[in-house]
Amino acid sequence: EPARQMSELARPLAEAADRLFAQRCGTDVVASAESGTWPQALWSALEALTPAQLLVPEERGGAGGDWSDACALLERAGEFNLPLPMAETVLTGWLLDRAGLPAVAGPLSFACTAVDLAAAHRQGRVTIEARNVPWAARSAGLVLVGPDANAGAEAWLLYLPNGAYTTRPDRAPAGDPRDRVSVLDLALTAPGVSCLRLQGLRHADVLGRAALLRAAQIAGACRRVLALTLAYTGERVQFGRAIGQFQAVQHQLAQLAEETASVRVAVQAAACTGDGPWSVAAMAAAKLRAGEAAGLCVRIAHQLHGAMGVTAEHPLHQSTRRML
């Protein structure tokens with residue numbers, strides 16, 4: 001049923017992403033990125049999919065995609081462990097359009113902030129310290145979103161071009177950059193800087209969509225882990241036969257497949273809610289389901305791979321570290 005709900009754009013977009021990532025995003029590229037090398041060739045190829053314009057309406061120069069299209073793309077990115085800020089660029093491009101700001105070329109980053117941006121807007125200056133900001137140093141710009149002081153009110157957005165903030169490098173356990181960002185007494189009239197209220201969007205609406213894109217990445221990573229585990233248990237021979245033929249192993253493989261399918265269904269269902277009254281709850285449920293599945297899938301996959309699965313040479317860890 002969810003497959004029949006795919007838009008006209010989702011299927012060709014997913015197929016194009018599959019081809020691109022299969023050709024350009026091998027385990028060697030992921031490993032190189034984790035060691036600190038920015039995969040410029042991969043990003044240049046990725047720009048053909050115009051991630052920042054995916055959710056922008058066609059009448060404003062975008063691709064006219066919806067959240068189902070975005071999840072289809074992010075699922076493929078998660079499956080191939082794409083070491084680039086795909087989710088952040090898709091989300092930030094959408095937010096810039098919703099805020100009426102011009103499109104920005106290049107990779108983009110996104111983070112939440114507890115700083116009162118409404119007060120900063122009144123004062124005309126802002127100071128921010130943020131941690132775990134994905135690819136901030138490499139991004140062309142950064143969007144920070146914060147809640148209004150009044151519960152349930154519309155969120156505030158601060159856009160900072162690269163150069164308006166300073167970064168200190170840091171990394172997530174998966175190896176992807178999660179930089180520290182500093183903004184010291186910045187004038188909001190500085191070139192390229194914008195601080196404004198997000199009309200029609202609450203803080204929870206923005207967080208929900210960010211969580212949905214992460215859940216889509218987890219769904220793709222689960223699918224990769226399932227494929228790797230099926231292949232390994234079909235090849236690994238113990239007591240004269242492949243371990244995948246043992247009933248106890250088959251039970252675990254079935255559970256791994258069930259978890260993988262459930263995440264994908266939850267993500268697709270949430271993506272179809274649009275801006276309805278249940279959209280935030282559906283997106284939160286999808287992220288919760290993805291988080292539960294991630295932990296269980298990692299445990300099953302590593303248990304069935306045994307010592308092989310924790311070696312640097314085997315690709316399993318590239319997926320499982322990101323899932324966790």
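The structure holds two cavities of 30 Å³ or more. A cavity here is a set of points, on a 1 Å grid over the protein atoms alone, where a 1.4 Å probe fits but cannot get out; lining residues have an atom within 4 Å of a point. This is a predicted model, in which local features need pLDDT of at least 70 and side-chain atom pairs count only at pLDDT 80 or more, while totals for chains, interfaces and linings use all residues. Residues are numbered from 1 along each chain as its sequence is written, and side-chain values use heavy atoms, without hydrogens and water.

The second largest cavity has a volume of about 30 Å³, taken as the space filled by probe spheres set on the points. Its lining consists of Trp67, Arg209, Leu212, Ala270, Ala271, Thr273, Gly274 and Met283. Helices α7 (203-235) and α8 (247-271) each give two or more residues to that lining.

Next, the cysteines. How many disulfides are there? With a disulfide defined as a pair of cysteine sulfur atoms within 2.5 Å, the count is zero. For Cys71, the nearest cysteine sulfur is that of Cys272, 8.9 Å away. Cys71 is buried (under 20% relative accessible area), at 5%. The sulfur of Cys112 lies 15 Å from the closest cysteine sulfur, in Cys195, which is too far for a bond.

Finally, helix α9, a DSSP run of H or I with at least four residues, covers residues 279-305. At 1.5 Å a residue, its 27 residues should span 39 Å, and the end C-alpha atoms are 38 Å apart, which agrees. Just after α9, Gly306 takes a positive phi of about 65°.

Terms used:
The expected span of a helix is 1.5 Å times one less than its number of residues. On a 1 Å grid over the protein atoms alone, a cavity is a set of points where a 1.4 Å probe fits but cannot get out, and a pocket is an open set with protein on both sides within 12 Å along at least five of seven lines; lining residues have an atom within 4 Å of a point. Buried means under 20% relative accessible area, exposed over 50%, partly exposed in between (1.4 Å probe, protein chains only).
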